[in-house]
Amino acid sequence: MKALSYFLVFVLSLQIVDAQTNNKFFPNLKKSGIPHIQFSKTGGLITYLHASNSINGPFTSPATLLTTDSLFLKMDVTPLGSVSAVFWVDVNENGIVDGSDYSLGGIAFTDNAMGDLDPTQGTIISYLDPGGELPSMQIIAVANEGMTMVNGIVRFENLTAPFSLSGVVYSTTGGVVPGAWVWTFSNVGMIGDVANENGSYFIPLDTGQYFIFVEDIRGMHSPFDTAITITGNTIQNFYLSPLTSYIRGYVRDELGNPIPNVWVSLENSSGSGTRTGTNGEYKIMVPAGSGRIGLNDDDLLPTFMSPNSHSYTIGENDSIVNNSISNFTCYRTNATITGTVRINGNLPTTSYLISGWNDYIQSNTRTVSNPTTGNYSLPVYSSTSPQTFYGVYLADWAREYPIPPGMYVDTSYWRILPGASNINFNLLLAESSAVDPFNGNFVPPSSIWGIYQYNHDNTGVQCVGNKLRVQATSFGGVAGVGVFSQKPFQLNNREFRIYIDHNELGTNNTVYVTLSGQKYNWNHPLDERNTLILQFSKNVSGGWKLIKRSDWGPITLWQSSDTTGGHILFQFNNDASMFSLKINGVIKYQGPWGQNISVVYVHLLEFNSSPNTPTPVYFDEFFVGAVGSTSVREVAGELPHEFKLEQNYPNPFNPATTIKFQLPIASSVSLKVYNLLGQEVSNLLNGEMNAGIYEVTFDASKLSSGIYYYHLTAVDTKTGKLLLNTSKKAILLK
């Protein structure tokens with residue numbers, strides 16, 4: 001299973017890097033077209049090529065657009081004729097195509113055909129899909145019809161900002177790297193610039209932390225990444241290493257037959273790649289050092305399985321030739337695994353991506369389900385010697401077939417034989433609430449949790465003294481242990497609370513509370529993408545740290561040397577675009593985080609960084625519910641024998657009061673507050689709770705003075721029988 005996780009991380013990183021380069025910008029451009037205009041012997045009519053950010057114009061050339069704008073092109077043409085165009089990055093911005101410029105690809109436009117948004121003959125208006133945010137750059141479109149040719153110029157500019165990041169991109173062997181792409185990523189998006197002929201770049205930015213990615217889009221240098229904090233105008237030069245070494249190998253099927261025209265590329269270097277020839281051979285330039293090399297899935301599937309990437313280490317001016325590192329075996333698919341995808345048991349309305357992985361041949365496969373029936377057929381390689389088994393799962397690694405917001409996949413499969421049917425998936429609504437007081441003494445945690453292990457055995461996790469004790473034992477190196485929620489929780493308008501008691505924690509331990517878009521039980525939390533991580537340690541540089549782990553690495557949102565433990569609270573707004581972190585009721589961070597997930601799994605972990613005597617951390621009062629409902633806590637004592645709602649105290653109160661109730665058995669509980677008109681003013685609690693005595697804090701600081709009623713209902717979680725339905729009066733005096 002670890003091999004699967006390593007493979008998926010590599011595939012995802014390739015897709016992510018590729019998504020930031022010209023392979024995805026203007027995806028309707030074809031790299032295989034020109035780059036040089038081919039004139040026909042016929043005449044032509046094209047006299048202009050203009051651009052606009054709107055189908056209604058105005059169309060001009062040169063045209064100045066924002067990097068976030070749409071791009072529409074307008075040109076004249078012989079009625080029902082065709083125009084060919086090649087788009088060049090104008091590195092020196094002199095308005096003509098010369099030796100410093102390079103092509104993004106070409107495209108053909110046909111009058112009144114699909115893609116022509118102008119119904120009149122002789123005029124073409126077409127939308128050129130930017131594929132996402134663009135870097136600041138100037139593009140020259142060279143278009144021709146027959147013997148006629150025109151140039152159209154489009155200048156893309158970034159939005160202004162108070163400060164800037166600027167500098168020069170150099171080669172480590174001397175000179176500059178003109179045309180290099182410099183990208184900055186933050187929790188609010190990505191902004192980039194194309195370096196000019198002097199290697200200079202300029203990016204307007206707000207204050208904050210940014211992940212930086214620099215690449216030579218022409219593939220002559222290895223890319224570079226780092227992180228930077230902007231507090232004012234910042235000058236930062238970057239140095240890219242030239243590609244001096246090479247890897248040469250073959251891509252073949254299991255019988256040794258060559259597979260031509262397969263794209264071979266480097267991880268984290270989308271500019272570096274090549275295709276196999278007719279004999280399946282390729283040669284790719286690489287920088288000295290370590291890396292991974294892999295094949296493009298789209299060139300292989302569904303005819304061939306796509307093999308795992310290969311790790312390599314290479315020296316300066318060295319080569320790796322025709323060995324197990326450079327050669328790839330792609331097994332030809334000869335069988336299928338079939339099943340269906342449902343939405344809450346119903347027929348779907350769109351397609352979903354089904355993936356498969358074979359650990360023995362280290363290869364993956366994928367297919368797309370039928371959008372109306374939900375049926376799918378996954379191509380696989382079948383063999384009885386060795387016996388081939390597959391892991392089959394539903395995921396959206398390419399982000400083209402997203403899971404509906406607030407939903408998750410009910411299962412995944414392992415050790416599935418080729419030919420298997422009824423390998424079915426059901427997308428379910430994520431959990432909206434949960435309560436776990438971790439009751440018990442020397443007993444395992446409840447079934448809502450699974451056990452997490454990182455270089456650790458399955459010991460060190462149990463409820464002790466009505467708290468969850470987590471204690472990581474290291475026998476050398478880093479080890480971790482803890483729990484993860486078996487099901488994900490909705491994120492919109494949700495809050496997550498956990499109490500952390502770290503009084504016994506040693507300086508060699510680190511505590512992690514993570515909210516992750518993926519359920520993981522062996523990966524390090526800092527390696528998981530789309531994750532919020534609250535980290536705590538007591539070492540010299542310890543304290544609290546809030547980290548956002550995105551596709552482009554970890555970004556620290558907040559940190560403090562304070563070592564006080566207590567109640568931790570995450571609160572997300574209605575669309576989960578904003579959240580706040582509170583510790584002991586004090587806001588430590590509040591702002592956007594650029595999330596692109598709608599459900600999260602909760603992980604409560606401890607790591608031990610040395611083989612010293614392990615020390616425990618205690619978790620308690622776990623709660624998930626609607627925003628404003630988490631001030632619930634369990635009161636120690638014997639289990640009650642009756643249902644009871646007590647009078648709030650103090651009463652009258654200003655601005656907060658405590659409401660106490662008791663449950664003799666596990667129940668589905670709702671506690672709401674109403675005004676004299678019967679209007680709900682606060683939803684304090686809504687979820688399943690174990691038997692026990694509880695206290696809830698009602699904060700009325702935003703309400704006016706008056707009489708309010710708090711209403712408690714308890715329903716048997718097994719039978720649905722109403723067990724308690726009662727109200728009491730509270731008086732707010734300000």
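Author: The model is predicted; local features need pLDDT of at least 70, side-chain atom pairs count only at pLDDT 80 or more, and totals for chains, interfaces and linings use all residues. Residues are numbered from 1 along each chain as its sequence is written, and side-chain values use heavy atoms, with hydrogens and water left out.

Reader: Why is the aromatic pair of Phe72 and Tyr127 called tilted?
Author: Rings of Phe, Tyr and Trp (its six-membered ring) pair if their centres lie within 6.5 Å; planes under 30 degrees apart count as stacked, over 60 as edge-to-face and the rest as tilted. Here the centres are 5.3 Å apart and the planes make 45°. So the pair is tilted. By this rule, the count comes to 26 aromatic pairs.

Reader: What makes Phe72 and Tyr127 a link between distant parts of the chain?
Author: They are 55 residues apart. Phe72 is in strand E3 (residues 72-76) and Tyr127 in strand E6 (residues 123-127). Strands (E, at least two residues) and helices (H or I, at least four) are DSSP runs, numbered from the N terminus.

Reader: Why is Phe72 called buried, and why is Tyr127 called partly exposed?
Author: Buried means under 20% relative accessible area, exposed over 50%, partly exposed in between (1.4 Å probe, protein chains only). Phe72 has 13%, so Phe72 is buried. Tyr127 has 35%, so Tyr127 is partly exposed.

Reader: How do you know that E1, E3 and E6 form a sheet?
Author: Two strands pair if DSSP finds at least two bridges between them. Four bridges join E1 to E3, which run antiparallel. Leu49 stands opposite Met75 in E3. The open sheet has the order E1-E3-E6.

Reader: What makes E1 and E6 edge strands?
Author: Each pairs on one side only.

Reader: How do you know that E26 and E33 pair?
Author: Three bridges join strand E26 (residues 335-343) to strand E33 (residues 425-429). At least two are needed, so the strands pair. The two run parallel. Arg342 stands opposite Asn426 in E33. They belong to an open sheet with the order E29-E26-E33-E31 and mixed pairing.

Reader: Why is the contact of Glu281 with Arg248 called a salt bridge?
Author: A salt bridge is a side-chain nitrogen of Lys or Arg within 4 Å of a carboxyl oxygen of Asp or Glu. In this pair the closest N and O atoms are 3.0 Å apart. So it qualifies. Glu281 is in strand E20 (residues 281-286), and Arg248 is in strand E17 (residues 245-253). A search of the whole structure finds nine salt bridges.

Reader: What makes Asp297, Asp298 and Arg366 one network?
Author: Their salt bridges share partners. Asp297 meets Arg366 at 2.9 Å, N to O. Asp298 meets Arg366 at 2.4 Å. Asp298 lies in helix H2 and Arg366 in strand E28, so the pair ties together parts 68 residues apart in sequence.

Reader: What makes Arg252 count as sitting over the ring of Tyr250?
Author: NZ of Lys or CZ of Arg must be within 6 Å of the ring centre and within 35 degrees of the ring normal. The charged end of Arg252 is 4.2 Å from the centre of the Tyr250 ring.

Reader: How many disulfides does the search find?
Author: Zero, over the whole structure. A disulfide is a pair of cysteine sulfur atoms within 2.5 Å.
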